[in-house]
Amino acid sequence: MGKTERIVSKTILALICLIMIVGVYLSNQSHQEIVLTIGVYAGSYWDTPSGDSYQVLDEAITRFEASHPNVKMEYVSGIRAVDYSEWLAEQIVKGKEPDIYYVLPEDFSLLASTGALADLDNLTANDQAFDIDCFYQSCIEAGRYKETLFALPFESVPTIMFVNKTFLQEKGVDFPASDWTWDDFYAICKEVTSPENHEYGVYNYTWLNALYSNGVSLFTEDGSFCNLADSRVLEAIRFVMKLQNLNEGYQVNGRDFDLGKVAFRPFLYSEYRAYQPYPYRVKKYTGFEWEGIPMPAGHYGGNISELHTLLLGLSARTRHKELAWEFLKLLVMDPEIQQNLCRYSSGISPLKSVAESPTTVLLLRENIPGGGVFDSDAIHQIMGNAVVIPNFPRYDTALQMVDKIIIEQMNEDNISASTLLSNQREINLFLSKK
């Protein structure tokens, strides 16, 4: 064998060895266990009684691990909902945040604006199995920051109006229709209010509740401008003052409602779900039955209320983005997972098909005696018309400023277009500062 032939043979042998080494390496890699971590808390974010808060998650993990034999899902248990934000922030600072994690509504804008959350737009656009239209639009918008999708909705809770059915029946007042208006609302409150008998129309209906239903947003979507001087805002504030004037100076409180002496009270839907069934109803409120309906519509709006949505996002630093995305989709899009969420939790599924399904309606009827008002049409109306809390970093501070101004002026009976315009300039100056 010549020198050239020996060189060729050695080269071929070296290539064969290299191929074998790479093959063994790839084979080992394919069987190597991948660990995906999940950020989750114990209990209910909505502060309502709950059973096994991990049940839905554990069922999803079992299914995912069965279809992905080389994947192990892990999470830290026992983190309370009230401690979750702090725990997650510490993990992010350490660079040890979970691959997938729950995003609380109050944390979303900060996590999105600081780059902690992965941009999901490319993942959704390139995934033929993902259908964004299967969610309620308002739920999807809760996961957008500056037009970019950073999180998907897992569970939602709108504000609804509790109606004391027993009280209205005693007063001979008809139960309001689900498409009722401010005029209907005021007429009932006026009819049932009797300060001398310590009976009142409504507790805790705020100017913000009225504003949502009057076809106006307090802030622009990007948080650059406050619409405080809009005539519809002024009308909403004056409507609440008109309701309060029925009480002849008395400040209606929560105990008045608990005792069955108040006709209406805005509440989160989670309260409705959690406290209607026996025995929670007996523990929370006694002596009367209630029902939940959409909020009353203003003159320029509709039966609209604020929506709170618990989100799920991916870490921007996850090393397993595709796998994490697959698990995220399972949690938010799988009908069985979402149906179980309706069964074990106090919220509403962001999936239209699940939230309005006969199974969900039957579940509500089983858990809520006489709860015939909450059918698929009512859920469609409430979720389809809900508004999302703005997602800009200074929202909470700006809202507190506006609320303080309005409450002070309401107490002084000094609400006018000129005073709101003056205060709007002050709020916009704050919003303009970087």
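**Reading the terms in this model**

Q: Why is K146 called exposed?
A: The relative accessible area of K146 is 67%. Exposed means over 50%, buried means under 20%, and partly exposed lies in between (1.4 Å probe, protein chains only), so K146 is exposed.

A quick word on the source: this is a predicted model, in which local features need pLDDT of at least 70 and side-chain atom pairs count only at pLDDT 80 or more, while totals for chains, interfaces and linings use all residues. Residues are numbered from 1 along each chain as its sequence is written, and side-chain values use heavy atoms, with hydrogens and water left out.

Q: Where does K146 lie, and what is its phi?
A: K146 sits in the loop between β4 and β5 (148–149). Its phi is positive, about 50°, although K146 is not a glycine.

Q: What makes E248 count as exposed?
A: E248 has a relative accessibility of 64%, so it counts as exposed. Its loop runs between α10 (231–245) and α11 (254–258), and E248 has a positive phi of about 55° without being a glycine.

Q: Why are C134 and C342 called buried?
A: C134 has a relative accessible area of 19%, so it counts as buried. C342 has a value of 3%, so it is buried too.

Q: How many disulfides does a search of the whole structure find?
A: The search finds 0 disulfides. To count, a pair of cysteine sulfur atoms has to be within 2.5 Å.

Q: How do you know that β6 pairs with β8?
A: Strands pair if DSSP finds at least two bridges between them. Strand β6 (residues 152–164) is joined to β8 by 5 bridges, and the two run antiparallel; T159 stands opposite L268 in β8. Strands here are DSSP runs (E, at least two residues) and helices are H or I runs of at least four, numbered from the N terminus.

Q: What joins β7 to β8?
A: Strand β7 (residues 200–202) pairs with β8 over 2 bridges in the parallel sense, with Y200 opposite V262.

Q: Why is β8 described as mostly covered?
A: In strand β8 (residues 262–268), 6 of the 7 residues are buried.

Q: What makes up the lining of the second largest pocket, by class?
A: It has 16 nonpolar, 6 polar and 6 charged residues. Ala, Val, Leu, Ile, Met, Phe, Trp, Tyr, Cys and Pro count as nonpolar, Asp, Glu, Lys and Arg as charged, and the others, Gly among them, as polar. A pocket is an open set of points on a 1 Å grid over the protein atoms alone, where a 1.4 Å probe fits, with protein on both sides within 12 Å along at least five of seven lines; lining residues have an atom within 4 Å of a point.
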